[in-house]
Amino acid sequence: MTTTPRLPVPPGATDCHMHIYGPAERYPVAPSNPSPVPFAYDLAAYRAVRDKLGISRTVVVQPTSYGDDNACTMDAVAALGPDAARAVVTVTLDTPEAELTRLHALGARGARTFMLKGGLTPWEKLHALAARVAPLGWHVQLQFDGGEMAEREALIRSLPCPAVIDHVGRYHDPVPPEAPQVRALLRLLEGGRVWMKASSPYGVSRSGPPDYADVTAVARAAIHVAPERVVWGSNWPHPNVHENKPDEGPLLDILGAWAPDEATRRAILVENPARLYDF
């Protein structure tokens with residue numbers, strides 16, 4: 001159940017990371033899908049969450065469940081409307097140019113790469129994929145174990161388009177801000193072309209709710225060095241949590257601890273998403 005956030009939510013606030021699922025008979029699950037599909041979490045269910053949070057805009061992220069068949073994601077974007085929604089889709093080096101153009105016209109603004117089980121683009125093909133989507137003005141969205149951040153830093157820095165790193169780096173083994181893996185993230189953010197999603201603290205936190213102290217320390221360090229390139233996401237419907245799913249209200253409120261001043265929170269919720277996703 002979603003509760004109303006305590007923090008004021010400004011007009012134009014954007015949920016930059018969530019997923020939509022639909023009936024299996026309409027949206028078949030990809031053979032590459034690594035986990036159970038939460039079919040109940042459709043657009044009607046998300047609209048109730050969005051309205052409770054006071055969110056105005058949404059970025060629908062293609063889930064791994066559907067591979068590179070972006071139909072469910074793009075149908076959701078169409079239903080939400082061009083002023084209220086954008087998409088981050090899954091494409092590969094084999095995706096036809098005409099399909100990239102079609103997806104862009106429908107609201108896609110980024111290519112998701114998932115460097116974990118179920119992903120379609122491995123690290124060795126990331127630069128080539130970035131080169132394919134760069135002419136559209138897209139970014140590549142990266143999700144991987146942040147423990148590899150230092151190892152992957154040079155490649156991410158060399159990409160020919162902006163990159164967005166998911167979930168506060170997603171450090172599977174929590175590390176403090178002074179750790180080499182986090183310093184690599186901070187250097188990337190300072191470089192001017194890498195962004196970060198302030199989302200899903202529960203995914204890797206060992207300290208847990210309500211403050212997720214271990215992830216909070218990294219989030220605050222990242223926001224300090226690049227407040228103009230951080231966006232927030234609910235990660236609804238929390239596809240890797242199968243019981244006791246988190247309440248999105250406190251997940252929005254935790255931004256108050258990560259970015260204590262109102263101007264920075266407005267940038268993260270409104271102004272930064274408008275630039276990144278072309279609202």
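Angles under 35 degrees count as roughly parallel, over 145 as roughly antiparallel, 65 to 115 as roughly perpendicular and the rest as oblique. This is a predicted model, in which local features need pLDDT of at least 70 and side-chain atom pairs count only at pLDDT 80 or more, while totals for chains, interfaces and linings use all residues. Residues are numbered from 1 along each chain as its sequence is written, and side-chain values use heavy atoms, with hydrogens and water left out.

Helix H6 (residues 180-190) packs with helix H7 (residues 213-225) at an angle of about 25°, and their axes are 9 Å apart; H6 and H7 are therefore roughly parallel to each other. On the side of H6 the contact (heavy atoms within 4.5 Å) is made by Val 182, Leu 185, Leu 186, Leu 189 and Glu 190, and on the side of H7 by Val 218, Ala 221, Ala 222 and Val 225. These residues divide into eight nonpolar, no polar and one charged.

Leaving aside neighbours within four places in sequence, Thr 90 is in contact with Gln 62, Gly 67, Asp 68, Asn 70, Arg 112 and Leu 120. Gly 54, for its part, is 43 residues from Pro 11 in sequence, and the two are 8.1 Å apart in space, C-alpha to C-alpha.

Key. Axes fitted to C-alpha atoms, helices over the stretch in contact; angles between N-to-C directions. Helix = DSSP H or I, 4+ residues; strand = E, 2+ residues; numbered from the N terminus. Nonpolar A, V, L, I, M, F, W, Y, C, P; charged D, E, K, R; others polar.
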